[in-house]
Amino acid sequence: MTPAARISAAIEVLDTIDTQRIPAAKALKEWGTAHRFAGSGDRAAISGLIWDVLRRRASSAWIMDSDTPRARVLGMLKLERGMSGDAIAALCDGSRFAPEPLTDSERGALTSRSLDAAPPHIAGDYPEWLDGYLAQVFGDDRVAEATAMASRAPLDLRVNTLKAKREKVQSSLAHLGVQAAPWSPMGLRIELGADARNPGIHAEETFIKGAIEVQDEGSQLAALLSAAAPGEQVIDLCAGAGGKTLALAAMMQGKGRLIATDHDKRQLAPIYERLSRAGVHNADIRAPKGEGDALADIRASADLVLIDAPCTGTGTWRRNPDAKWRMRPGALEMRLKDQTAVLERAAGLVKPGGRIAYITCSVLPPENGEQVRAFVARHPEFAVVPPAQVARALSDNAEAFANATLMSAHGLLMTPRRTGTDGFFVSILARKSG
């Protein structure tokens with residue numbers, strides 16, 4: 001397919017998303033099924049166009065003064081891809097499979113309109129109802145922070161230190177252009193271009209043998225900041241597919257007791273094979289059965305309870321830009337209730353002198369600092385560990401990392417703009433010994 005034909009296809013898929021109100025991934029899959037002549041490179045390029053439009057949906061429509069699929073694609077080509085009006089016009093020449101030629105108004109918009117007068121939610125590309133929350137945490141920097149949250153994410157890998165060293169894995173994956181991650185001592189990073197296909201990590205020998213896992217560097221850092229140590233009893237209370245469980249297991253070096261559970265046993269399904277491949281032997285998976293408590297035999301005995309809390313996922317927008325436009329206020333309200341419930345459950349599992357690591361992939365204050373403040377008010381036996389002290393778990397990078405994050409009295413926040421990671425909030429809550 002020509003570049004112009006790919007643009008036509010992207011406009012077609014966006015129209016399907018709008019008219020059928022379906023997620024972008026589903027629309028792209030259906031398009032690929034109906035157009036089998038499109039090769040893998042074509043599908044990757046069309047996907048890249050779609051995701052870029054979704055990242056810059058509001059600003060692209062503003063630039064073009066129109067919210068049609070075609071207008072959003074044209075605006076994105078200017079804003080995200082940096083193309084000139086003439087370059088865009090050359091692609092839209094009305095030839096076979098190419099978009100129709102630009103109208104006078106489209107040419108004028110591409111030439112003269114900018115985001116200078118756009119309100120923050122337009123310039124930052126996020127739903128307007130979230131503006132107050134982002135202003136609360138970022139103030140006048142919210143457009144810059146949100147713009148970074150709309151950028152493309154790299155592919156991050158975590159080296160499984162139970163099986164390999166980072167230097168050796170980096171050498172074996174040199175053909176993929178891997179580099180050491182900026183902060184995580186076991187992190188590797190692959191930068192991806194706009195039209196790049198994801199490398200076949202799951203087919204690499206290092207992955208098959210359990211030496212690496214796909215995991216955003218922010219998620220790796222969140223696990224590291226919990227300071228899980230060999231010999232401890234650690235509970236991963238919202239383990240899901242096991243990403244942080246695997247990171248905790250490596251930190252514990254196979255020593256101690258690691259218990260992983262989740263309220264939804266379907267979410268746990270992948271964890272068994274992943275733990276086996278990673279060579280983890282000290283993990284106990286507790287899948288819920290009926291209405292019973294899978295942790296009924298464990299009370300006030302854990303050194304660490306890690307909560308990878310259910311949240312809105314605002315910190316992961318750059319990986320799933322479709323989600324931010326489908327997010328509604330009701331989703332936030334529901335997640336706040338879920339977070340309160342899981343914090344209450346964790347409180348009863350931690351022994352005196354133990355700690356809770358409360359983690360969200362959200363940047364919204366109600367899910368982060370406000371949730372922690374409310375918990376400590378309900379449970380005076382817990383206190384927030386100063387975030388600067390928490391950052392010391394990163395040893396060599398501690399001071400630079402602490403300076404890069406956004407710190408508050410209740411935790412630290414990583415963001416794409418500040419740390420180059422997804423958005424993660426981390427708070428460590430220590431239970432008093434007395």
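Begin by selecting α3 together with what covers its buried residues, which includes α1 (3-20), α2 (24-34), α4 (57-64), α5 (69-79) and α16 (321-326); buried here means under 20% relative accessible area with a 1.4 Å probe, protein chains only. This is a predicted model, in which local features need pLDDT of at least 70 and side-chain atom pairs count only at pLDDT 80 or more, while totals for chains, interfaces and linings use all residues. Residues are numbered from 1 along each chain as its sequence is written, and side-chain values use heavy atoms, with hydrogens and water left out.

Because 12 of its 16 residues are buried, α3 is largely enclosed by the rest of the structure, and among the buried ones are Asp42, Ile46, Leu49 and Arg55.

Next, select the open sheet of four strands, ordered β2-β3-β1-β4 with antiparallel pairing, where two strands pair if DSSP finds at least two bridges between them. β2 (179-180) and β4 (212-214) stand at the edges with a single partner strand each, so one side of each is left without a neighbour in the sheet. On β1 (residues 155-159), which pairs with β4 over three bridges, find Leu157 opposite Val214.

Finally, select Arg158, Val159, Thr161, Met186, Gln220, Leu224, Ala247, Ala250 and Met251, which line the largest cavity. α14 gives the most to this lining, with three residues.

How values were computed
Buried means under 20% relative accessible area, exposed over 50%, partly exposed in between (1.4 Å probe, protein chains only). Helices (H or I, at least four residues) and strands (E, at least two) are DSSP runs, numbered from the N terminus. Contact means heavy atoms within 4.5 Å. On a 1 Å grid over the protein atoms alone, a cavity is a set of points where a 1.4 Å probe fits but cannot get out, and a pocket is an open set with protein on both sides within 12 Å along at least five of seven lines; lining residues have an atom within 4 Å of a point.
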